[in-house]
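What follows is a short report for a reader who meets this structure for the first time. Please look at the sequence and the model before reading on.

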Amino acid sequence: MIVDGSSPLPLKRRRFTNIDSMEAASAKAKLAAAKEKFGREIHVFETEGPSPIQNEVPSTEESDDFYEFTAEDYHQVMATKKEDNYLKTRKTREAEEAARRSRVTKAVIRVRFPDNHTLEVTFHPSETIQCLYDLIMKVISRPDLPFYLYTTPPKKQIKDMTQDIFSAGFIPGAIVYFSYDLPKGDDATAADSAAFLLDEVMSLKGLEVIAGAEQAEAVQSAPEPGVGASTVPFPIAQTSKPSEKKPGRPKWFKM
């Protein structure tokens with residue numbers, strides 16, 4: 001499930017035509033080098049819509065109080081869960097949970113930054129939230145500044161670093177938001193106005209499209225069999241005419 005109540009914003013992906021083979025090879029090499037350095041494949045996109053402004057609530061959005069979990073909501077959720085788990089033993093629930101875990105092999109996490117750039121990374125569901133934080137520390141331009149990740153709505157800060165991605169509900173994918181944990185002031189303004197990701201990471205934006213376009217063009221440009229191509233003749237089915245029976249004498253007829 002996608003952990004984000006708002007409709008997912010479309011991502012800007014560059015369109016390429018007639019990709020040069022050297023350009024595609026260079027893109028693949030850069031992606032491979034980034035995977036070796038950071039320990040996993042990462043992709044960078046640019047979102048078309050604005051990301052939630054950090055350290056303040058936008059005037060066009062509802063406040064956090066609007067999304068408060070009321071007692072009525074609690075009773076509705078519990079009633080549904082009670083109905084679903086009725087007559088299920090603990091071992092049955094654990095077996096079902098283990099079966100769900102075994103079916104999920106990856107989780108795609110998208111981290112959105114206030115400058116409308118999105119970092120996409122794939123994790124194994126058994127990896128912890130700490131693995132996500134460790135990766136963010138490697139790719140941001142100011143790892144010396146405190147930061148936190150959160151989901152919305154409602155805005156909820158991710159604090160339990162020992163929880164695995166499956167238990168956090170980030171499967172098969174999730175959208176989380178990045179924010180510096182700084183008080184309002186000159187330091188926060190300066191941090192928000194600077195680039196959030198390293199230049200090396202920003203240079204990966206759109207490379208997976210270039211790397212994949214060469215293969216797509218090769219498939220589209222595959223020659224179709226022409227007139228001179230060897231063809232295997234299809235066997236012609238011969239239909240046999242039903243044999244005509246000559247009228248004979250009935251057995252009971254005697255001369």
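The chain has a mean pLDDT of 76, and 60% of its residues reach 70 or more, where pLDDT is the predictor's confidence in each residue, from 0 to 100. Over residues 53-61 the pLDDT falls below 50, and this stretch has 16 contacts in the model beyond near neighbours in sequence, a contact being heavy atoms within 4.5 Å. Residues 226-232 also stay under 50 in pLDDT, and for them the model has zero contacts beyond four places in sequence. Where pLDDT is low, the predicted coordinates should not be read in detail.

This is a predicted model, in which local features need pLDDT of at least 70 and side-chain atom pairs count only at pLDDT 80 or more, while totals for chains, interfaces and linings use all residues. Residues are numbered from 1 along each chain as its sequence is written, and side-chain values use heavy atoms, with hydrogens and water left out.

The secondary structure comprises seven helices and seven strands, taken as DSSP runs numbered from the N terminus (helices H or I, at least four residues; strands E, at least two). Along the sequence they follow the pattern β-α-β-α-α-β-β-α-β-β-β-α-α-α. Of the 255 residues, 30% count as buried, that is, under 20% relative accessible area, with exposed meaning over 50% and partly exposed in between (1.4 Å probe, protein chains only). Among contacts between residues at least 6 apart in sequence, 78% join residues at least 24 apart.

The structure holds nine aromatic pairs, in which rings of Phe, Tyr and Trp (its six-membered ring) have centres within 6.5 Å, and planes under 30 degrees apart count as stacked, over 60 as edge-to-face and the rest as tilted. Two of these pairs share Phe178, as tabulated here.

| Pair | Centre to centre | Angle between planes | Kind |
|---|---|---|---|
| Phe113 and Phe178 | 4.9 Å | 40° | tilted |
| Phe178 and Phe196 | 6.0 Å | 80° | edge-to-face |

Phe113 lies in the loop between β3 (107-112) and β4 (117-123) and Phe178 in strand β7, so their pair ties together parts that are 65 residues apart in sequence. Phe196, in the loop between α5 (186-193) and α6 (199-202), is 18 residues from Phe178. Both Phe113 and Phe178 are buried, and Phe196 is buried as well. Together with Tyr133, Phe147 and Tyr180, these three residues form one aromatic cluster.

Phe178 also belongs to the largest nonpolar core, of 46 residues, where Ile109, Val111, Leu119 and Phe178 touch the most other members; such a core is a set of buried Ala, Val, Leu, Ile, Met, Phe, Trp, Tyr and Cys residues joined through side-chain atoms within 4.5 Å. Leaving aside neighbours within four places in sequence, Leu119 is in contact with residues including Ile109, Val111 and Phe113.

Arg40, between α1 (21-38) and β2 (42-47), is buried with a relative accessible area of 16%. Its side chain reaches the backbone oxygen of Thr122 at 3.1 Å, and a polar contact of 2.9 Å joins the side chains of Arg40 and Glu127; a polar contact is a pair of N or O atoms within 3.5 Å, where within protein one must be able to donate a hydrogen and the other to accept it, and residues adjacent in sequence count only if both atoms are side-chain atoms. Asp164, in the loop between β6 (156-157) and β7 (173-180), counts as buried at 16% relative accessibility. The side chain of Asp164 reaches the backbone nitrogen of Ser167 at 2.6 Å, and Glu127 is among the residues in contact with Asp164 beyond four places in sequence.
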